[in-house]
Amino acid sequence: MRSSRDLANSYYAATAQAWETQASLVSAENCDVAIIGGGFTGLSAALACAQKGLSVILLEAKSIGFGASGRNGGQLIPGLRWSMRDIDAEFGRERAQAIFDLAYGAVDRVKNHIAEHHIPCDVKAGHLEAAYKPAHFDTMQRDAAYLAQHFGWEAEIVHPQDIGQHINGGGYHGGIYDAKGGHFHPLNYALGLAKAAQKAGVRIYENSAAQTPVDRGTHVEIRAGAETLTAKHVIIAADTWTGNIAPELSSYTVPIMNYNIATAPLPDADQLLPSDAAIADSRFVLNYFRLSADKRLIFGGGEKYVQTPPTDISAFVRKHIAEVFPTLADVPIDYAWGGAVGVTMNRLPHMGRAGNMFYAHGFSGHGALVTTLAGELMAEAVMGTMSRFDVFANVPHSRFPGGKWLSRPLATLGLLYYAMRDRL
């Protein structure tokens with residue numbers, strides 16, 4: 001069974017559904033599609049490929065859901081980091097419509113998986129983007145009106161005087177409430193996808209770290225430990241570890257460390273968050289929080305641009321809790337954990353193909369829904385249907401400047417600039 005150590009001191013690991021750890025790869029194997037990565041992207045790709053009649057093997061370096069898929073804030077936020085107004089202006093209406101159909105359609109893809117495969121992951125409806133500044137609320141209203149008028153996606157404008165319907169704290173200046181968004185237990189969703197994939201015939205190997213695949217033209221070879229896996233196609237779904245698997249992709253993202261806590265169960269939880277919606281504020285370095293099924297506050301706040309975690313994660317996050325909910329300044333914190341988010345230069349997912357290999361990474365903190373979609377798009381591409389995959393694969397991306405040694409420090413300077421603007 002899964003140990004809580006797999007995800008450090010994580011609430012999700014402590015409340016995970018039963019899962020029997022899978023054996024490592026210990027003999028040479030062959031398959032149609034090899035998938036590297038046991039998070040949302042890889043699992044959804046594996047399931048979709050198996051449902052299309054392909055033989056599938058999934059390699060996970062640690063345990064299912066070990067990365068961001070099993071550590072994130074559990075917020076189901078429709079869309080991407082860009083507003084549809086900005087996407088429309090940048091790419092034109094035809095491409096914007098295609099992006100909208102996929103990105104916002106990801107909501108139904110995730111909900112359909114949960115329903116079809118009976119995944120117990122505490123899914124709840126409702127997401128609020130809370131305006132940190134009055135100017136942010138003005139922008140939100142324009143974006144929401146544009147989204148409704150041009151793409152038919154309706155969300156509720158929450159004026160400052162009505163913000164108490166959703167949150168009592170934070171001093172927010174209104175927000176946008178989307179009933180089609182929501183929140184869930186991300187690790188249990190990952191485990192549910194893994195079980196569904198196994199039922200569909202996917203062979204899963206845990207503790208099987210893949211080395212850089214070698215494309216031989218007619219097939220791809222992957223070393224994992226002392227063994228070799230041979231596949232017709234490979235899907236790389238390792239997100240922040242993508243650069244370790246495919247070094248040529250390493251400069252397209254930088255890892256940003258995020259930290260979360262879960263409090264003890266709160267007797268007044270429903271007073272703090274009356275609508276039980278997930279909340280994310282509009283700062284560049286945002287606070288995001290929600291209630292768990294057992295009425296704990298799960299709160300993520302602040303970012304670090306070095307991978308060494310704080311000495312005390314609870315203390316690091318607690319100061320952000322106190323800013324939003326002063327009455328919780330001394331609340332007991334039962335769990336504290338962290339993980340890396342892969343961020344691209346433009347904060348849009350980076351997807352593409354190199355020979356017989358497909359990849360998707362850099363979801364930039366907006367991946368709980370879009371990762372499931374990305375896996376399915378790569379499964380379609382493996383079968384030769386490229387049109388929907390190409391909607392994202394054709395989005396222009398730039399590498400972070402500075403090469404191997406300077407790209408991360410330079411990216412950090414840029415991110416710190418935007419973080420400083422939040423404080424001014």
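Modeller: Contact, or touching, means heavy atoms within 4.5 Å. This is a predicted model, where local features need pLDDT of at least 70 and side-chain atom pairs count only at pLDDT 80 or more, while totals for chains, interfaces and linings use all residues. Residues are numbered from 1 along each chain as its sequence is written, and side-chain values use heavy atoms, with hydrogens and water left out.

Colleague: How many helices and strands does the protein chain have?

Modeller: Both are DSSP runs, numbered from the N terminus. A helix is H or I over at least four residues, and a strand is E over at least two. The count for the protein chain is 12 helices and 17 strands.

Colleague: What is the radius of gyration of the protein chain?

Modeller: It is taken over C-alpha atoms, and the globule rule is 2.2 Å times the number of residues to the power 0.38. For 424 residues that rule gives 22 Å. The chain's own value is close to this, so the chain is as compact as a globular protein of that length, at 21 Å.

Colleague: Which residues have the most contacts inside the largest nonpolar core?

Modeller: A nonpolar core is a set of buried Ala, Val, Leu, Ile, Met, Phe, Trp, Tyr and Cys residues joined through side-chain atoms within 4.5 Å. Buried means under 20% relative accessible area, exposed over 50%, partly exposed in between (1.4 Å probe, protein chains only). The largest core has 73 residues, and the names asked for are Ile64, Phe184, Tyr189 and Ile235.

Colleague: Which aspartate does Phe184 touch?

Modeller: Leave out residues up to four places away in sequence. The partners of Phe184 then include Phe40, Leu76, Val110, Tyr189 and Arg290. Also on the list is Asp122.

Colleague: Is Asp122 buried, partly exposed or exposed?

Modeller: Asp122 lies in the loop between α4 (93-116) and β4 (124-130). Its phi is positive, about 55°, although it is not a glycine. Its relative accessibility is 36%, so Asp122 counts as partly exposed.

Colleague: What is the relative accessible area of Asp239?

Modeller: Asp239 is found in the loop between β10 (227-236) and α7 (242-245). Phi of Asp239 is positive too, near 45°. Asp239 is buried, because its relative accessible area is 19%.

Colleague: How far apart in space are Arg296 and Tyr359?

Modeller: Arg296 lies in the loop between β13 (287-291) and β14 (297-304). Arg296 counts as buried, at 10% relative accessibility. Arg296 and Tyr359 are 63 residues apart in sequence; in space, C-alpha to C-alpha, the distance is 36 Å.
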